[in-house]
Amino acid sequence: MSVTGKALAATLVLCGLGVAACGGTAAGADLARTRGPVPPAAGTAAAPAADAPARPAAGAASDPTPSPAAGQSGQSDKPLSGKVVVIDPGHNGQNYRHPAEINKQVNVLTQSKACDTTGTATDNGYSEAAFTWDVSQRLAKILKSRGATVKLTRDSNSGVGPCITQRAAIGNRAKADAAISVHADGAGPANHGFHVIMPEKIGGPVDPVVKASRKLGLDVRNAFRRGTGLPYSTYIGKDALDYRNDLGGLNLSTVPKVFIESGNMRNSAEAAKFQQPAFRQRIALALANGLQQYLK
């Protein structure tokens, strides 16, 4: 990794609360347990759109989203007609510029956590926020083509937040039939594979949808494995399934909801895949198929 110790220290100051604010420990917002710090803000600020890799794979920054029809043969024209899906692209591209705002504490019922975090990044600077935004846009396009009504929790990758509590509220207000929060992990470089995070009962609003969320998680896991070829996580959960009671996006949800950790951005092989537009399309299509399996 090309980040110097001095630059990393500057980044931690910018994030406001050290590694936790960048997502390095459990003290931050949702999914901070395994987040690695984002690359130095100086490098990010120099990027024209704050969401492009510092050394992007060829075509990654300007790729037009491929047609959602690819790989969908044999499906009815509008199998998701009447269904409402909320997609939550994790983090936001300008979070790192607003440490005070994203470090504000919010109540997730089982504890207090930061409003949001910066997320992680690949070693060459491709941010999790950019990855989740791109995959979510592709996923929304596919789901809409299948007849679903789709709402995203943020409308760009050039803003801040929203807080994890607000992300849950958006799905609740939409009365979503299913909601999914799109992420990628920032664990040690030897770790690899994807996993799905599902809620536990906490004596709160999520309790009535825990069972449905588990079914959603299983359908998403199975479709993701088939569609991407990525292995189950080697470091979290069992058979790519992890249950959490500390995530505001799940604890506060009144609709069936899961998180997908698409893989590890600090693993060189998975990082390379995530920077390929065609592979991000495969991820989106796999997620759409998992959601459709659950909703049918």
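Where is the place of Ala240? Select Ala240 and you will land in the loop between α7 and β7 (241-244); helices (H or I, at least four residues) and strands (E, at least two) are DSSP runs, numbered from the N terminus. Before going on, note that this is a predicted model, where local features need pLDDT of at least 70 and side-chain atom pairs count only at pLDDT 80 or more, while totals for chains, interfaces and linings use all residues. Residues are numbered from 1 along each chain as its sequence is written, and side-chain values use heavy atoms, with hydrogens and water left out.

**Stop 1**

Ala240 has a positive phi of about 65 degrees, although it is not a glycine. At 0% relative accessibility, Ala240 counts as buried (under 20% relative accessible area; exposed is over 50% and partly exposed in between, with a 1.4 Å probe and protein chains only). Next, select His91, in the loop between β1 and α4 (99-102). His91 also is not a glycine and has a positive phi of about 65 degrees, and at 1% relative accessibility it counts as buried. Most residues other than glycine have a negative phi, and most peptide bonds are trans.

**Stop 2: a cis bond**

Now show Gly161 and Pro162: the peptide bond from Gly161 to Pro162 is cis, with omega near 5 degrees. Pro162 lies in the loop between β4 (149-152) and α6 (164-173).

**Stop 3: α7 against α10**

Colour α7 (residues 210-228) and α10 (residues 277-295), which pack at an angle of about 145 degrees with their axes 8 Å apart. Here axes are lines fitted to C-alpha atoms, for helices over the stretch in contact, and angles run from 0 to 180 degrees between N-to-C directions. Among the residues that meet are Val220 and Phe224 in α7 and Ile283 and Leu287 in α10, where contact means heavy atoms within 4.5 Å. Of the 19 residues of α10, 15 are buried, so this helix is largely enclosed by the rest of the structure.

**Stop 4: the core**

The largest nonpolar core has 40 residues, and Ile260 and Leu287 are among those with the most contacts inside it. Such a core is a set of buried Ala, Val, Leu, Ile, Met, Phe, Trp, Tyr and Cys residues joined through side-chain atoms within 4.5 Å. α10 gives the most to this core, with 10 residues. Centre on Ile260, which touches residues including Ile180, Val220, Phe224 and Leu287, not counting residues up to four places away in sequence.

**Last stop: Ala190**

Finish at Ala190, in the loop between β5 and β6. At 67% relative accessibility, Ala190 counts as exposed. Ala190 and Asn267 are 77 residues apart in sequence and 6.3 Å apart in space, C-alpha to C-alpha.
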